[in-house]
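Take a look at the fold before reading on.

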Amino acid sequence: MNKKKILVVDDNEDICLTIKQYLELYHYFVEAVHSGSEALRIINNNFDLIILDIMMEGIDGMELCSMIRDRVDCPIIFVSAKTLEEDKIQALSVGGDDYISKPFSLKELKARIDCHLRREERIRSNERQLLSSKNITIDLLANEVFCKGVKLHLTKKEYEIMKLLMLNKNMVFSKERIFESVWGLDSESQLETVTESIKNIRKKIRSLDPEHSYIKTLYGLGYKWDVTYEKG
């Protein structure tokens, strides 16, 4: 099991060390830095969660959060001696996910960390089960396709073609390759069934989303998933 990586940003070295030692007891990997500028140098190291102090010299926590929020999507927990409601509101408005006032309990900090990481795991798990492209979403567990939230009534082969193309966006598939992947080499169906199936898929999508085409024909080569806006 991979250790979760946590970044602690606080100019108080004792607090950093205390948090680091405590969380490492629970098998977290913890990296601690003592300024916003130090944090900026390592912020792209794929941390799973960031613990961020507000009152620091130079780049403070609020400013740092605003600077990195569009670069990282992990939870950010503010820790601060500031206790006013407006400080908490501002911290959340600049991209923070939680706020703990100093002094705080290490047990409570860990509980909140665990809670945020569990939520992230649930979100990522759901994302792995859904495949989306513009207005089309495939639920890979339910084997269902939705266009603008409306279920498309596809045959099994039509569904398999869409899944094949969406999983391999911008990759060109010949009719022969689609036939082999979806129908199998031993099928008694004709190669032209691929053309008919794609025609049906396009028709069903167009009934709900006439402004976009999703399956592009490359004459003499085959088909690929390529979203194109149809109307100006």
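## The sheet and its helices

Strand β4 (residues 76-80) runs parallel to β5 and is joined to β5 by four bridges; strands pair if DSSP finds at least two bridges between them. Ser80 sits opposite Ser101 in β5. This is a predicted model, where local features need pLDDT of at least 70, side-chain atom pairs count only at pLDDT 80 or more, and totals for chains, interfaces and linings use all residues. Residues are numbered from 1 along each chain as its sequence is written, and side-chain values use heavy atoms, leaving out hydrogens and water.

Zooming out, five strands make an open sheet with parallel pairing, in the order β2-β1-β3-β4-β5. β2 (29-33) and β5 (98-101) are the edges with a single partner strand each, so one side of each has no neighbour in the sheet. On average, neighbouring strands are turned by 20° against each other, direction ignored.

| Helix | Strands touched | Angle |
|---|---|---|
| α4 (residues 85-93) | β4 and β5 | about 145° with β5 |

Then there's another helix pair: α7 (residues 175-182) and α8 (residues 192-206) pack at about 85°, their axes 9 Å apart. That makes α7 and α8 roughly perpendicular (65 to 115 degrees). On the α7 side, Lys175, Ile178 and Phe179 make the contact.

Key. Axes are lines fitted to C-alpha atoms, for helices over the stretch in contact, and angles run from 0 to 180 degrees between N-to-C directions. Helices (H or I, at least four residues) and strands (E, at least two) are DSSP runs, numbered from the N terminus. Angles under 35 degrees count as roughly parallel, over 145 as roughly antiparallel, 65 to 115 as roughly perpendicular and the rest as oblique. Contact means heavy atoms within 4.5 Å.
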